[in-house]
Amino acid sequence: MSQFDLVANLQLLVSGLAIGSIYALVALGFVLIYNAVGVVNFAQGEFVMFPSYIAATFLLPAVTVFGTVVHWQLPVIAVYLLVIVLMVGFGLLFNRIAYYPLRDRGWLPVVISTIGVSIFLRNAAQLTWGSEPLVIPGLFNMDTFAIGPLHVRPQDLVIIVVTALLIAFQYLLFERTTLGKQMRATAQDRATARLIGVRVGRIVAITFVYSALLGTISGLLVAPLFTVTKEMGALIALKAFAASIVGGFGSIPGAIIGGLAIGVIETFGGFYISSAYTDAIAFVILIAVLLIKPSGLFGERVAEKA
Amino acid sequence: MTSRDPARLRGVLLLGIAIVAVALVPLVVHSDYILNLCGVAGIYAIAVMGLGILLGFTGQMSLAQAAFFGIGAYTSGWFTTTLGWSVWPAMALAVVLSALIGLAVGYPCLRLSGHYLALATIGFGIITQLVLINWKSVTNGSDGMTGIPPPQIGSFVFDTYGKYYYLVLVAVLVCAYIAWRIKTTRVGRALEAIRENEIAARACGIDATRYKIVAFVLAGAYAGLAGSLLAHDTKFLSPDSYSFDQSVVFLVMLVVGGSSSIGGAILGAVLLTFLPEVLRPLKTSYIMVYGAAVVVMVIFMPRGLAGLIEVARARFSRGAPPPGSSVSVVAAGATGAEPA
């Protein structure tokens with residue numbers, strides 16, 4: 001490329017922002033759980049993968065489930081509602097099995113148990129849906145559409161808009177509602193929150209559910225761009241994790257900006273530098289940030305308590 | 001000297017019996033398949049012990065153990081195939097190189113701890129795997145590296161699973177002995193002090209920076225040796241074997257075994273190498289069951305297999321709990337515990 005091509009670069013920017021929005025949503029899921037219980041959830045990627053499979057099962061005219069072809073196609077809205085209801089249950093169950101019994105045992109056992117759940121879910125998905133990737137349609141039935149000279153994938157715009165709405169919703173939830181304030185209080189200091197009458201156990205459960213829903217929504221958004229496979233969540237989750245560190249771990253604006261930044265830089269880097277190393281870019285940024293400013297762009301200074 | 005202490009004597013005796021029993025396995029088991037698995041379990045045990053020095057002794061989390069494992073394997077593979085070195089110097093180089101890279105990774109990571117350190121090591125692991133896949137002129141990319149020779153001493157070639165079993169067994173014992181020496185001497189106590197409370201350790205005059213680097217280097221060296229042993233065992237290398245998932249497997253082996261116990265690390269590696277094979281009759285669902293088993297083990301065996309065995313031993317000897325058991329309860333609880 002000899003000459004700077006504005007249109008091509010703008011198109012890269014849009015797709016970078018779209019994938020970055022996905023990282024941002026998943027990163028938010030990480031940060032909320034981390035803030036609430038002090039543990040990184042290694043099954044966060046499966047919070048993206050599992051609902052995508054469920055959605056695919058009911059969106060597609062024919063899907064192979066346990067080796068038999070089923071025809072369970074439902075209207076789109078019904079599918080989305082169904083997936084959300086199922087994932088609320090899933091979040092509660094996850095909290096109950098993988099976190100609750102280990103809540104007083106430090107972070108390592110919880111990390112291991114979330115890894116166990118992640119292995120379980122990935123292989124449960126393979127067992128249920130086989131190893132053929134599934135392709136689910138986007139909301140709009142067209143490849144690209146034109147805004148002036150720009151050709152944009154409609155799904156990219158859907159992703160960006162939905163993410164923006166979700167972030168606005170979350171802001172209102174945390175700033176304006178009692179539930180949101182209880183969630184923030186729990187994140188700040190569980191013991192004190194309990195003292196002032198917050199039912200911490202319940203708030204933690206709600207946090208897991210909310211995090212599962214963030215994963216669900218990012219899965220539903222991103223699945224039309226990629227394919228639905230048992231591995232789809234793993235790399236997204238790792239990069240989202242990197243994004244949350246780059247932004248400053250524990251910081252909600254940090255997670256959003258870190259996610260967007262990694263999506264954009266990775267898209268440009270994959271185009272201009274090397275497509276073989278696209279997946280490494282996020283981690284190179286991560287290591288650079290960790291070395292230069294370990295607390296991330298928006299993080300508070302990490303001081304160790306004696 | 002406390003060698004007259006009957007409890008200690010009994011412990012040494014039990015250990016000796018265990019080693020002899022393990023050494024007799026190839027005389028009883030003739031299935032190449034099982035002997036190969038035993039060898040692989042031993043190789044994993046070495047990598048897991050290395051992780052144990054870093055995480056169990058020192059409290060520093062790493063999810064890059066498979067990357068060092070891969071660096072060891074590919075160093076050994078490349079020097080013996082492309083450059084035609086004989087196996088032993090290549091193996092030594094694999095250990096040294098992994099240790100040096102451990103130093104290079106450990107040094108900048110020192111200011112990180114807990115989840116941050118885990119993340120940085122994940123990043124390092126993923127980059128390493130991408131390099132293994134894409135640096136085709138050296139690693140042959142996804143096609144993998146073939147034709148790696150077996151080690152030999154004079155005219156004795158370690159070319160059967162039975163012979164290789166003994167090579168691995170010797171390596172495991174040497175590594176376990178070194179780890180035990182580290183644990184029970186000044187260095188080990190310094191590492192433990194850092195794990196329990198780094199600030200307090202520094203206040204006592206422990207050069208925490210230096211000791212943490214030592215732990216990183218040792219973890220790298222152990223993984224490098226394990227990788228090299230695997231390369232000359234399977235004689236084929238593919239970048240898939242050195243993924244993030246493999247690092248997770250090492251971590252799970254360590255925690256299931258009992259993170260600050262050397263015997264636990266070995267037991268965890270052996271158990272989790274054989275568990276998928278035992279579950280294989282379940283066909284496609286076996287890895288799923290494996291995942292569930294990991295969750296169950298973490299919930300119901302708080303101190304891993306090592307803790308379980310200690311409890312069993314205490315129950316058999318009826319009297320007072322074995323010396324040091326209360327200390328190890330504290331240690332196991334503290335591993336991974338963060339100030340809330």
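How many helices and strands are there in chain A? Chain A has 11 helices and four strands, where helices (H or I, at least four residues) and strands (E, at least two) are DSSP runs numbered from the N terminus. Heads-up: this is a predicted model, in which local features need pLDDT of at least 70 and side-chain atom pairs count only at pLDDT 80 or more, while totals for chains, interfaces and linings use all residues. Residues are numbered from 1 along each chain as its sequence is written, and chains are lettered from A and ligands numbered from 1 in the order in which they are written.

**Chain A overall**

- With a radius of gyration of 20 Å, close to the 19 Å that the globule rule gives for 306 residues, chain A is as compact as a globular protein of that length; the radius is taken over C-alpha atoms, and the rule is 2.2 Å times the number of residues to the power 0.38.
- The C-alpha trace of chain A spans about 60 × 50 × 35 Å along its principal axes.
- Of the 306 residues in chain A, 50% are buried (20 or more other C-beta atoms within 10 Å of the residue's own, with C-beta atoms placed from the backbone).

**H3 against H4 in chain A**

- The axes of H3(A) (residues 76-99) and H4(A) (residues 107-129) come within 9 Å and cross at roughly 125°; axes are lines fitted to C-alpha atoms, for helices over the stretch in contact, and angles run from 0 to 180 degrees between N-to-C directions.
- A:Phe94, A:Ala98 and A:Tyr99 of H3(A) make the contact with A:Val110, A:Ser113, A:Thr114 and A:Val117 of H4(A); two residues are in contact if their C-beta atoms, placed from the backbone, lie within 7 Å.

**Where chain B meets chain A**

- On chain B, 36 residues are in contact with 40 residues of chain A.
- H5(B) (114-134), H11(B) (244-257) and H13(B) (286-300) are the elements that give two or more residues to the chain B side, and the largest share, 10 residues, comes from H5(B).

**H11(A) on H5(B)**

- Residues meeting here include A:Phe283, A:Ile287 and A:Leu290 in H11(A), and B:Leu119, B:Gly123 and B:Ile127 in H5(B).

Definitions and conventions: A residue is buried if 20 or more other C-beta atoms lie within 10 Å of its own, exposed if 12 or fewer, and partly exposed in between; C-beta atoms are placed from the backbone.
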